[in-house]
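Me: Hi! I've got a structure open and I'd like to go through it with some questions. Can you help me?

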Amino acid sequence: MSTIQLRTQIPGPKSCALAARRDAAVPRGLSHATPLYVARAQDAWIEDVDGNRFLDFAGGIGCINTGHRNPAIVSAIQSQVEQFLHTCSQVTPYENYIRLAERLNQITPGKGAKKTILLNTGAEAVENAIKIARAYTGRAGVIAFEDAFHGRTMMALALTSKTHPYKAGFAPFPSDVYRMPYAYCYRCSYQLEYPSCKMHCARQLEDTFKRVVASEDVAAVIAEPVLGEGGFVAPPPEFFRIVMEICRKHGVLFIADEVQSGFGRTGKMFASEHYGIEPDIMVTAKSLGGGLPLAAVTGRAEIMDAPGPGGLGGTFAGNPVACAAANAVLDVLEAGDLLARAETIGNRFAKRAKQWQERFELIGDVRGLGGMRAIEMVKSRETRQPAPEETRAITQYCCEHGLITITAGTYGNVVRVLVPLVITDEQMDEALDVLEGAIASVDVLKPALVTAGT
Ligand SMILES: Cc1ncc(COP(=O)(O)O)c(C=O)c1O
């Protein structure tokens, strides 16, 4: 039996009524990918207020790797709710915070002594990672990458690359942020090709230290092991090793932002493991909380201890209910087969997507790692001109046919897969059928969209 069940036109009347209320009550700056208002969600599906059931390829933007309302996580939350909700870890600490820190210290790459501080959101964790790196090195500079996304608070936004809609109009940003090209091979900034490029982009870090900012003024390089909002770009295997070698040589820390790529999404606990690297500091969030807001900064103990007592923290940071959820998330990921499942789901997607690539001119690139997969749409394979209108049309078709998808990419021309890893094979096929229908409908529409100049 199909999971997708559509009972009304999309959006239905109740969603439309809520949209009208939202327009009046909530600023337009908070945009939304679908016109659907949620009534409930379970595993890999979401039901809206009109009783329509959708498969969910967005997972709350990568927060639901363990599935909507995973029973083990719900039960852990319920047990904690029976005990206490909030005391503030800076006033009267509690055990499940310590346990979670110990576990994150254990499972993040690197064998030496590590420490973890908990925060609420990815952006807040990024901010704290930079504070810690600056305190440890006594240096101000931070190098981030083109197409990076690190969040919406001011320092995180300074590190984020995409101008519209994220940065435009919000300047000035914190200073001492520098940028270099990422290993986005499909759109190489140097017009080179892998592997004959010999990883020129990674080696460019040496040049950056000569031409842009002196290494002795740089605290850290921060990078996503797989670009998230930037379009699910997974660099070639040696990219991060080279970047890290150069960092080490100059006493610069390497911060891995695993907010989107962490906790099983790529088929390993962390995407850094695919690259065989041990970041000095790792930032995590999203799927860590299993649906509750929680983030972490984990790093080498001597680095993490650089800020003095009181230098780090936050009222709700490491909330006990969120810690209970996160400990259950780790139980689920450690005991179950979701990491292997991520790989299987990713391969299932990639196999279909490669077939689509042969059929549809629109699909320029098929890429990703494990269950973190995407397709990049182009108006022409030859020019690689991005196709954002067609991409929007695809996500709209998907929504109207029962599949929730979200886009990504600096040019808004990437459809990404962040499906809960508990999705069944049948549901995955059902979802991929919808996506295929969407691409087929838009490939036909393409000339009309182009002439309309939309
Ligand atoms: C890689 C990465 N870093 C940081 C963030 C910011 O996280 P949050 O939205 O929880 O502040 C995101 C959010 O999408 C992200 O993908």
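Me: How many bridges join strand β7 to strand β8, and do they run parallel or antiparallel?
Reply: Quick note first: this is a predicted model, where local features need pLDDT of at least 70, side-chain atom pairs count only at pLDDT 80 or more, and totals for chains, interfaces and linings use all residues. Residues are numbered from 1 along each chain as its sequence is written, and side-chain values use heavy atoms, with hydrogens and water left out. Strands are DSSP runs of E, at least two residues, numbered from the N terminus, and two of them pair if DSSP finds at least two bridges between them. β7 covers residues 218–223 and β8 covers 253–257; they run parallel, and the bridges number four.

Me: Which residue in β8 is the bridge partner of A223?
Reply: A223 has its bridge partner in β8. That partner is A256.

Me: Which strands are the edges of the open sheet of seven strands?
Reply: The order goes β4-β10-β9-β8-β7-β5-β6, with mixed pairing. An edge strand here pairs on one side only. That gives β4 (114–119) and β6 (177–180).

Me: Which residues does L435 touch, leaving out those up to four places away in sequence?
Reply: L435 is among the residues touching the most other members of the largest nonpolar core, which has 87 residues. Such a core is a set of buried (under 20% relative accessible area, 1.4 Å probe, protein chains only) Ala, Val, Leu, Ile, Met, Phe, Trp, Tyr and Cys residues joined through side-chain atoms within 4.5 Å. Touching means heavy atoms within 4.5 Å. The list is F57, F349, W356, I394, C398, L403 and V415.

Definitions and conventions:
Buried < 20%, exposed > 50% of the residue type's maximum accessible area, 1.4 Å probe, protein only.
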